[in-house]
Amino acid sequence: MTPARCPHQTPDARPCPLAERLDVARSRCERDGERWTEPRRRTYQLLVEAGRPVKAYDLIAAYKAPGQVAPPPTVYRALEFLLARGLVHRIESRNAFVACEHPETDHAPEFLICECCGRTEELRNDLNRVVREQARARGYVVRTATVELTGLCPACRAS
Ligand SMILES: [Zn+2]
Ligand SMILES: [Zn+2]
Ligand SMILES: [Zn+2]
């Protein structure tokens with residue numbers, strides 16, 4: 001599921017206390033009266049383990065056990081749920097999904113995206129909310145608001 005490697009020495013996805021993150025996600029879910037089902041758990045786990053944006057079809061491929069039939073609707077439904085709960089974000093410009101780095105809070109982050117290695121980072125300046133509010137003040141009904149900055153991460157710049 002890991003995307004093609006770039007030639008640079010990019011650090012691996014930040015240390016990933018997987019069990020902890022799964023716990024946070026599950027308790028958020030249960031706090032909201034939702035069930036932490038196996039498809040939701042597995043889809044979330046795959047995204048946390050990837051540590052970078054993953055396209056839906058790569059998730060579907062990774063989801064199934066060897067020899068099993070891929071369950072696209074299962075994965076799509078799980079993704080929709082995780083997006084709605086803020087546990088996962090959609091990277092619009094790549095049509096991909098990434099596990100949230102701060103699932104304990106409600107937020108609409110801005111993203112830094114490395115065009116070389118594909119890593120993303122969340123920034124939380126509330127730009128997204130500010131821009132949405134300005135649009136509403138002008139009478140717009142906002143459907144999506146995306147702030148994505150693309151460029152080179154320090155590792156890809158340096159090597
Ligand atoms: Zn986030
Ligand atoms: Zn990079
Ligand atoms: Zn690179």
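Q: Let's start with a loop: where is Asn-95 found?

A: Asn-95 sits in the loop between β2 and β3 (96–99). Labels like these come from DSSP runs, numbered from the N terminus: helices are H or I runs of at least four residues, and strands are E runs of at least two. One caution before we go on: this is a predicted model, where local features need pLDDT of at least 70, side-chain atom pairs count only at pLDDT 80 or more, and totals for chains, interfaces and linings use all residues. Residues are numbered from 1 along each chain as its sequence is written, chains are lettered from A and ligands numbered from 1 in the order in which they are written, and side-chain values use heavy atoms, with hydrogens and water left out.

Q: And what is the phi of Asn-95?

A: As a general idea, most residues other than glycine have a negative phi, and most peptide bonds are trans. Asn-95 has a phi near 50°, a positive value in a residue other than glycine. Asp-126 also has a positive phi, near 70°, and is not a glycine either. Look for Asp-126 in the loop between β5 (120–123) and α5.

Q: Is Asp-126 buried, partly exposed or exposed?

A: The scale runs on relative accessible area: buried is under 20%, exposed is over 50%, and partly exposed is in between (1.4 Å probe, protein chains only). Asp-126 comes out at 34%, so it is partly exposed. Tyr-57, in helix α3 (residues 56–63), counts as exposed because its relative accessibility is 56%.

Q: What does Arg-28 touch?

A: Contact here means heavy atoms within 4.5 Å. Leaving out residues up to four places away in sequence, Arg-28 touches Arg-85, Leu-87, Pro-103, Glu-104, Thr-105 and Asp-106. Arg-28 belongs to helix α1 (residues 18–31), and at 9% relative accessibility it counts as buried.

Q: Which residues does Phe-111 touch?

A: With residues up to four places away in sequence set aside, the contacts of Phe-111 include His-89, Arg-90, Ile-91, Val-98 and Val-147. Phe-111 is in strand β4 (residues 110–114) and is buried, because its relative accessible area is 5%. Its C-alpha lies 15 Å from that of Pro-154, which is 43 residues away in sequence.

Q: How many disulfides does a search of the whole structure find?

A: A disulfide is called when a pair of cysteine sulfur atoms falls within 2.5 Å. The search turns up zero.

Q: What does His-8 touch?

A: Its partners are Cys-116, Ala-155, Cys-156 and Ser-159, again not counting residues up to four places away in sequence. His-8 is in the segment before α1 and counts as buried, since its relative accessibility is 18%. The C-alpha atoms of His-8 and Cys-117 are 7.7 Å from each other, although the two are 109 residues apart along the chain.

Q: How is the chain divided?

A: The bounds come from an automatic or database domain assignment. This gives domain 1 (16–101) and domain 2 (107–159). The contact takes twelve residues from domain 1 and 14 residues from domain 2. Their C-alpha centres lie 20 Å apart.

Q: Why does the largest pocket count as lying between domain 1 and domain 2?

A: Rolling a probe the size of a water molecule over the atoms shows where empty space is left. The largest pocket lies between the two domains because both give residues to its lining. There are 23 lining residues, and Leu-83, His-89, Arg-90, Arg-132 and Ala-145 lie nearest the centre. α4 (72–84), β2 (88–91) and α5 (127–137) each supply at least two residues of that lining, with β2 giving the largest share, three residues.

Q: How do the residues of the lining of the largest pocket divide into nonpolar, polar and charged?

A: By the convention used, Ala, Val, Leu, Ile, Met, Phe, Trp, Tyr, Cys and Pro are nonpolar, Asp, Glu, Lys and Arg are charged, and the others, Gly among them, are polar. The lining has eight nonpolar, seven polar and eight charged residues.

Methods
1 Å grid on protein atoms, 1.4 Å probe; cavity = no way out; pocket = protein on both sides within 12 Å on 5 of 7 lines; lining within 4 Å.
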